[in-house]
Amino acid sequence: MKQYTGTHEWVELRDGAAYVGISAHAAHELGEIVYVDLPEPGAAVTAGEPCCELESVKAVAEVNSPVSGVVDAVNEELADSPEKAGEEGVWIYSVSSPVLMDGLMSEAEYKASLE
Amino acid sequence: MADYLSITDAERAEMMKLLGITKISELYSDLPRELRRKKFALSDGRSQQETYAALAELAAKNATYRSIFRGAGSYHHYIPSAVKSIVSREEFLTSYTPYQPEISQGLLQATFEFQTMMCELTGMDVATASHYSGATAAAEACVMCADRSRPVVTFDNIDPDTLETLGTYLKARGIELKVLHAGDGSAQYPSGTGAGAVYFESPNYYGILEDVNGLTSAAKAEGAKVIVGCNPLSLALFKSPGECGADVAVGDAQPFGMPMSFGGPYLGYMAARKEFIRKLPGRIVGETTDADGRRAFVLTLQTREQHIRREKATSNICSNQAHCALTAAVYLSLTGPQGLKEVATKCASNAHYLARELSHAGAKLFYEGEFFHEFVTVTPGKASKITAALERKDILGGLPLDKHRILWCCTEMNGKADMDEVVKTVKEAL
Amino acid sequence: MKTVFEKSVKGRRGVQPSALDVERYDYESYRLREELVLPELSEPEVAAHYTALSKRTFGVDDGFYPLGSCTMKYNPKLHEEIAALPGFANAHPLARADKVQGCLAVIDTLSAYLAGITGMDGVTLQPCAGAHGEYTALLMVRAYHRSRGDEKRTKVLIPDSAHGTNPASAVMAGFEVVTLRSAPDGSVDLDDLKAKAGEDTAALMLTNPSTLGLFEKNVLEIAGIVHGAGALMYYDGANLNAIMGVVRPGDMGFDLVHLNLHKTFSAPHGGGGPGSGPVCCKAELTPFLPDPQIVRTEKGFRFGRGDWSVGRVSAFYGNFGVYVKALAYIVALGGKGLREAAETAVLNANYLREKISYFYPVGDRRCMHEFVLSMRRLRDETGVTAADVAKGLIDRGIHPPTMYFPLIVEDALMFEPTETASKEMLDAAADALKEIIALAYSDPDALRSAPHTTPVRRPDEAAAARNPVVKG
């Protein structure tokens, strides 16, 4: 089950690891994604802090990590097909032994916050 | 008075009527009163004819020379009339940065062609659309390659203006600059400098060709990025920095069709391996297709730039030297590979002839290293006497580096007769 | 259209250099490159290629060019001839000072004019563009505070409406950026300024008139707050064209300014450069100007260096061939002509604004030399964007205004007609815009697919950025 941040990232726990992506709303606002500056596996990320960037032709969006921990894996597919980062449910990186940030929203709460 | 306005008095009155004002000063009603009240003298203008005369009078106060043997970063080359004519077309001269690609395809394509030419000359994968000068290109390349914890290393045989500019740019970013002494005029890379990036020039300030391969591999072996500064004309002959393993090539392409013009505008260039493509400072043109599948050119990777990334941009550069890049592209199209090699060969052949003859006349070469089209002679205590004697014959001699040494430059503009006269004059002065 | 490389035919020659009249020098082969691939074309082919490219480029003489913030005024032909005078074009930058007194007089005279126009005391012409001038001035700000032992001023205040070069230059000069909120009319939010200006503030960078084309009414109060905090006032000269000869930044309380000679003083933009970005400053900042300086003596001009200088920011003395054109412009117009140019630029902008302002204007005040419309309502009502409107203007022979800037206005279009536009141009632009807005409601697809009259239609910029092809 996905949980959302106020800055439009989502996180989902699967088998003890946290998978992070951006919401469809954020992807729409950014426009067609042309480049993903992926974090390095092994890098430490801090909840609420920027950890990687998505670029469209005329804008840059920082991804604020919804979790603290160490980057376990990155979605290599995005290196060649960055536009997929904007598709519903596509993850960008995963974190092992994650500590979730406070104040995450459920999908319903997040959708309500966009109204 | 020249004014270049198109609004007549009658039109002005009509426009003011539409705006409901009777005096132009009403348009400035937002200005605080104490500023509006402030009076200062305004001079009268002059006609175009008078303006030309006034500026021509200043131009005439500069000495003119029948031959020039001074380079040191500003080179006197032949500029084909076709270069000057083509680049003076108003579409190229007056347009803005090509942010509207549909009506800027010509400029974008010409810049793309320039980038291609610079990549070819330097042996690199990507070139930017230009920088203010070779000095700022070198400085920005060093900032790009440096990591904050390790120094940038360079040598005291690089162009002095470039060295000072490097110092300014790196100091502002809190990056240490270490300047190593190049003992016999050539750079040697010692181990253990701890450098994050190394910058050297070939040919260097004294005209000497460095061991680009050797320096590059020594620096890279210790984990440093390597930036090589090159007069791009020399690259018509010599192995490119890319072929020698360097990461970034920079320099000034003024020799490709730009007049000396008292030091500018010139053409800083930067070319790099493809892994730097998203770190490069300044504009880059890329190829794509339009809605109908036709080839089209656009400014690309703009997220690196200040107008999008603001304080996180790779540089603050906005205006560059676009028209100079166009000039270089036209120049290189006109010379072609064969013509460019011939120009470079003539420069080198003249320089080696003059060096040999001066040496016979008593002005010995100060350094032993092989050189391109500049070299240093030594004549104890006589440097300024020699250049003064040449001045009296309307010849701009080499640049005195101190009381003893002169940095000479030959280009394709110098004929044998001119060089023989220099040699004769030097002999008389010694 | 084929590239110059694709047109190349092996063995074809263009301009050939004169023959060697000394022995040919051959380098040892290990130094030599094997191959050099450049276009091989005759001179007529090169002329034809670039002429064709020029026809695919829109210049100031090709039609109305109201590109906001860029001051696309007419570039006098006279100035090209002056810059090409052999006495200037063939001057070597390292000739002895007594042999280039004409060039040094150009620098000295222009510097004096610019100091007079801005109300400042010291000038450097070395910066090669506006952003380069910003950078230079900020280095001077830093050196100034340090010379007073004031090491803690590490922050520069920049309004959120500023050009992107401001924050980028501040970072390059070693500062941290603190963003100031703008009031809805684009002016500085005084409360935010008061809260953020303090003992760690080095300077405020301000564009006046603002990027919304409005004069900062509270500029004197702003200067009071900034100076009261011990910081300096920096003037971004991007919009000087509205006020030259009318009011001086020095009188508004600014300590340093940079100018864009390629905007305000008629030097051509050259497709993106070369420009010239002089910095002018008050007397207490002159010790920090870049080296070298031109010094006037009884025997003429010579070069000097300052003990406190920030050092060099580029080679030689900047873009001489550009700023000599600005000198010609100032000589021709005189102070009176500059003032008339500013007033006419403001009149033209207000006239055009008045004629089209019922389309979504931003603010209700008279503008200075430029104004901003917001296409947000149009987008909401028709789906037609600011970019679509811009492309529609292209089909009507008009260069689009600046799009999506300033960032504080949604779907912004920024118009700057300049003083050299004719009334016919302004009327035609107003008509074209009316026609486009009507079309947005009747046939939005016609605009979404515009332009229709250009050599190419909208390029796929996403594909270009995703898989960069940056050489042929």
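Guide: Helix axes are lines fitted to C-alpha atoms over the stretch in contact, and angles run from 0 to 180 degrees between N-to-C directions. The model here is predicted.

Visitor: At what angle do helix H4 (residues 101–118) of chain C and H9(C) pack, and how far apart are their axes?

Guide: Look at the pair H4(C) and H9(C). The angle is about 45 degrees. The axes are 10 Å apart.

Visitor: Are H4(C) and H9(C) parallel, perpendicular or oblique to each other?

Guide: Angles under 35 degrees count as roughly parallel, and 65 to 115 as roughly perpendicular. The angle of this pair is about 45 degrees. H4(C) and H9(C) are therefore oblique.

Visitor: Is the crossing of H4(C) and H9(C) left-handed or right-handed? And how many residues of the contact are nonpolar?

Guide: The crossing is left-handed. H4(C) brings residues including Val106(C) and Leu110(C), while H9(C) brings Phe320(C) and Ile330(C), among others. No charged residue takes part, and one is polar. The nonpolar count is twelve.

Visitor: Which helix gives the most to the side of chain C that touches chain B?

Guide: On this side, 162 residues of chain C are in contact with 162 residues of chain B. Those of chain C divide into 88 nonpolar, 42 polar and 32 charged. With 20 residues, the top contributor is helix H9 (residues 320–356) of chain C.

Visitor: What is the handedness of the crossover from S2(C) to S3(C)?

Guide: Strands S2 (residues 155–159) and S3 (residues 176–180) of chain C run parallel, joined by five bridges. Leu157(C) stands opposite Val178(C). Between the strands, the chain passes through helix H6 (residues 165–172) of chain C. This β-α-β crossover is right-handed.

Technical notes
Residues numbered from 1 in each chain as written. Chains lettered and ligands numbered in written order. Predicted model: local features only at pLDDT ≥ 70, side-chain atom pairs only at ≥ 80, totals over all residues. Pairing = 2+ DSSP bridges. Helix = DSSP H or I, 4+ residues; strand = E, 2+ residues; numbered from the N terminus. Right-handed = clockwise from strand over helix to strand, strands pointing away. Contact = placed C-beta atoms within 7 Å. Nonpolar A, V, L, I, M, F, W, Y, C, P; charged D, E, K, R; others polar. Parallel < 35°, antiparallel > 145°, perpendicular 65-115°, else oblique. Left-handed = near helix turned anticlockwise from the far one by under 90°.
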